[in-house]
Amino acid sequence: MSEEVRFESGRFEGIVVRSPLVSPARLADVLHKRFAGTESYFGGEPAVLDFSEVRDWPEQVDWSGLVAFFRRLGLQPIGVRGVPESFDAALKRLHLANLDEAALRLEAARPTEPPPAAPTSAQAPASPQTGTARAASTKFIDRPVRAGQQIYAPEGDVVLMAGSNPGAEIIAAGSIHCWGPLRGRVLAGAGGNLEARIVATHFGPELVSIAGVYQTFENGLPASIANRPVQVKLQVIQGQSHLLIEPIETI
Amino acid sequence: MRIVVVTSGKGGVGKTTTSAAFASGLALRGFKTAVVDFDVGLRNLDLIMGCERRVVYDFVNVLQGEAKLTQALIKDKHVDTLHILPASQTKDKEALTEEGVEKVMRELEAMGFDYVVCDSPAGIERGALMALLFADEAIVVTNPEVSSVRDSDRILGILQSKSRRAIEGREPVKEHLLVTRYSAKRVEEGEMLSYKDIQELLRVPLIGVIPESDAVLHASNQGVPAIHLKGTDVAEAYADVVARFLGEDKPLRFVSYEKPSLIKRLFGST
């Protein structure tokens, strides 16, 4: 086998976190609701922490606390952006690159808006996030998704060939298709894809969400859709988005 | 050698009763069988097997090199081909290490055992993970109630991700669903989930339904595995489970309820 070491120019995908806050404690407060204590929400993607929106920089920043916080969410911070030079030494100690200006040409960044994790109201009309969906491979899951299991497709669709059970969580940037019972928490269009849909042969989840617009079914499902073929899509009426949950008419 | 874990997530559903009866049933069929108690700190398999007075060394002693496996294995008083490896009541459950458990399993295989039945503790902590780690097959014990079914679902998920077979990407652990403490009468009256409901929720092949019975309590108090209670529905149901496990075709019994006839109601059942 060749032992030649090669250095190639390459591009890789990651997540950009735009934060107006630099205090780990404040971040934890703000993000707690969104992730509701879900450890490792992300799947170990590299991340750049963008602090260009920070107004008043404190004298001291707890960089290691910040890194630890984002690691707990399942991200791997590799660098920061928009940070004053006075912090360079501190960043170096943590092996974080200060990627200002040219080093990082951010493409039309797609916001990775995570779905709400702990909804309190039944229907939450919200302004959906826009985003560009890319062609990506489909994830097929052949076994039932069980309580406590999470299927996460950061790109593309998820097809559940054996359904999901109460307590499961399915998150896809694209659409979610389900053969068999659909239970648990089902979040499609997680990257902001407004066109994403949820399609199921036996509908019965605890929560559905498309591009961050979600609905829970605390009082059970109406008979017209419970355990029947159903599709869920996003409908925009006068700038307000609503989930349209309707039975699929089969011939 | 096949390693079978008896697990459930939830406590008090009948794991140890099932482990004792199932292991005894395999041994009665002539298979050299060991039943291992993974509930370190709360041992009770030895009580149900009626050998608590014969425990000298335990599983943790073996893991820590203080005793040989042959010294710790207790020969069952009912069936010659059955051996019990009791848990420790005094040791910490941290004593269960992956390397230690693997070594014991290898040794059991070298000793010519056909089956090892691992009696898992409740929960999803270390003891439960160690019990399922090396499993080839799993009997998931479930009661006909929603919380038990949900916990079983959780443990099935863990089997699919944390077992050696899953980690190494081998053929997945073969799963069997066992419904215990089943009362056909209460199902009929709508107070309990039916075994069909449970199977529909968990979507795992059903290996048997064990009826709720006072005989189980008597058996465990006397230290006799339930399968030895000749003539009881519980013993027959467990014998059916063993038969189905070995690939025999047995129709389900004790799952339908017939209203007692007028005469029976007047004069009491016999």
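Reader: Which lysine lies over the face of B:Phe113, and at what distance from the ring centre?

Author: A charge is taken to sit over a ring if NZ of Lys or CZ of Arg is within 6 Å of the ring centre and within 35 degrees of the ring normal. Here B:Lys32 lies over the face of B:Phe113, at 4.7 Å from the ring centre. The model is predicted: local features need pLDDT of at least 70, side-chain atom pairs count only at pLDDT 80 or more, and totals for chains, interfaces and linings use all residues. Residues are numbered from 1 along each chain as its sequence is written, chains are lettered from A and ligands numbered from 1 in the order in which they are written, and side-chain values use heavy atoms, with hydrogens and water left out.

Reader: How many aromatic pairs are found over all chains?

Author: Rings of Phe, Tyr and Trp (its six-membered ring) pair if their centres lie within 6.5 Å; planes under 30 degrees apart count as stacked, over 60 as edge-to-face and the rest as tilted. A search of the whole structure gives 12 such pairs. In one of them, the ring centres of A:Phe203 and A:Phe217 are 6.1 Å apart and the planes stand at 85 degrees, so the pair is edge-to-face. This pair links distant parts of the chain, 14 residues apart: A:Phe203 is in strand 11 (residues 198–203) of chain A and A:Phe217 in the loop between strand 13 and strand 14 of chain A. Helices (H or I, at least four residues) and strands (E, at least two) are DSSP runs, numbered from the N terminus. Both A:Phe203 and A:Phe217 are buried, where buried means under 20% relative accessible area, exposed over 50% and partly exposed in between (1.4 Å probe, protein chains only). B:Tyr115 and B:Phe245 also form an edge-to-face pair, 5.8 Å centre to centre with 65 degrees between the planes.

Reader: Why is strand 6 of chain B described as largely enclosed?

Author: Six of the six residues of this strand (residues 137–142) are buried, so strand 6 of chain B is largely enclosed by the rest of the structure. B:Glu137, B:Ile139 and B:Val141 point one way, B:Ala138, B:Val140 and B:Thr142 the other way, and all are buried.

Reader: Which strands are joined to strand 6 of chain B by bridges?

Author: Strands of a sheet pair through backbone hydrogen bonds, either parallel or antiparallel. Two strands count as paired if DSSP finds at least two bridges between them. Strand 1 (residues 2–7) of chain B runs parallel to strand 6 of chain B and is joined to it by four bridges; B:Val5 has B:Ala138 as its bridge partner. Six bridges join strand 6 to strand 7 (residues 174–182) of chain B, also parallel, and B:Ile139 is partnered by B:His176.

Reader: What is the strand order of the open sheet in chain A, and which strands stand at its edges?

Author: The open sheet of four strands has the order 1-2-3-4, with parallel pairing. Strand 1 (15–18) and strand 4 of chain A stand at the edges, each with a single partner strand, so one side of each is left without a neighbour in the sheet. Strand 3 (residues 75–81) and strand 4 of chain A pair over two bridges, and A:Val80 has A:Asn98 as its bridge partner.

Reader: Where is A:His95 found, and is A:His95 buried or exposed?

Author: Most residues other than glycine have a negative phi. A:His95 has a positive phi of about 60 degrees although it is not a glycine. A:His95 is found in the loop between helix 3 (88–93) and strand 4 (97–98) of chain A, and counts as exposed at 72% relative accessibility.
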